[in-house]
Amino acid sequence: MKKIENSFAVTGFIGKDAKIRQFTSASVARFSLAVGRTEIVGKETQKVSAFMAVEVWRKNESASFELLKKGQMLTVHGYFKPEEWSDDKGKHNRIVMVATEFFATPEKEEAPAEQKSTSKKAKK
């Protein structure tokens with residue numbers, strides 16, 4: 001049987017300041033990450049985005065969640081964790097992205113329009 005790797009790498013913007021809970025030996029930060037892409041529909045360009053649930057666990061002596069503030073562009077690496085629960089409305093499930101590593105994403109300068117069209121032509 002082939003081993004399936006459960007991992008992701010994504011870049012986005014933090015939607016709200018992280019909610020941090022501290023326990024005896026570890027802390028968890030939970031936040032939403034806005035991820036998006038550009039779609040071309042007919043002649044129109046549209047930005048499509050979604051908010052993803054992310055959680056980060058750290059041992060208390062090494063916990064540093066300073067970057068986890070609203071609007072921060074972040075690159076996150078980690079794995080997917082399924083969660084299931086039941087309540088009076090029935091059974092529910094969701095997928096949470098558990099970050100094993102995160103860092104501020106360096107912003108790239110956009111290339112001038114002439115360079116973009118030239119580079120596209122070179123790729124064809």
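This is a predicted model: local features need pLDDT of at least 70, side-chain atom pairs count only at pLDDT 80 or more; totals for chains, interfaces and linings use all residues.
Side chains of opposite charge can pair when their charged atoms come close. Here, the structure holds five salt bridges. Three of them, with their nitrogen-to-oxygen distances, are laid out below.

| Salt bridge | Distance (N to O) |
|---|---|
| Glu39 and Arg37 | 2.8 Å |
| Glu83 and Lys81 | 3.4 Å |
| Glu83 and Arg94 | 2.9 Å |

Let's take Glu83, which turns up with two partners in the table, Lys81 and Arg94. Is Glu83 buried or exposed? Its relative accessible area is 18%, and the cut-off for buried is under 20%, so Glu83 counts as buried.

What about the two partners of Glu83? Lys81 has 26% relative accessibility, so it falls in the partly exposed class. Arg94 is also partly exposed, at 40% relative accessibility.

The bridge between Glu83 and Arg94 has a 2.9 Å N to O distance. This pair ties together distant parts of the chain, with Glu83 sitting in strand E5 (residues 73–87) and Arg94 in strand E6 (residues 90–104), eleven residues apart.

Conventions. Residues are numbered from 1 along each chain as its sequence is written. Side-chain values use heavy atoms; hydrogens and water are left out. A salt bridge is a side-chain nitrogen of Lys or Arg within 4 Å of a carboxyl oxygen of Asp or Glu. Buried means under 20% relative accessible area, exposed over 50%, partly exposed in between (1.4 Å probe, protein chains only). Helices (H or I, at least four residues) and strands (E, at least two) are DSSP runs, numbered from the N terminus.
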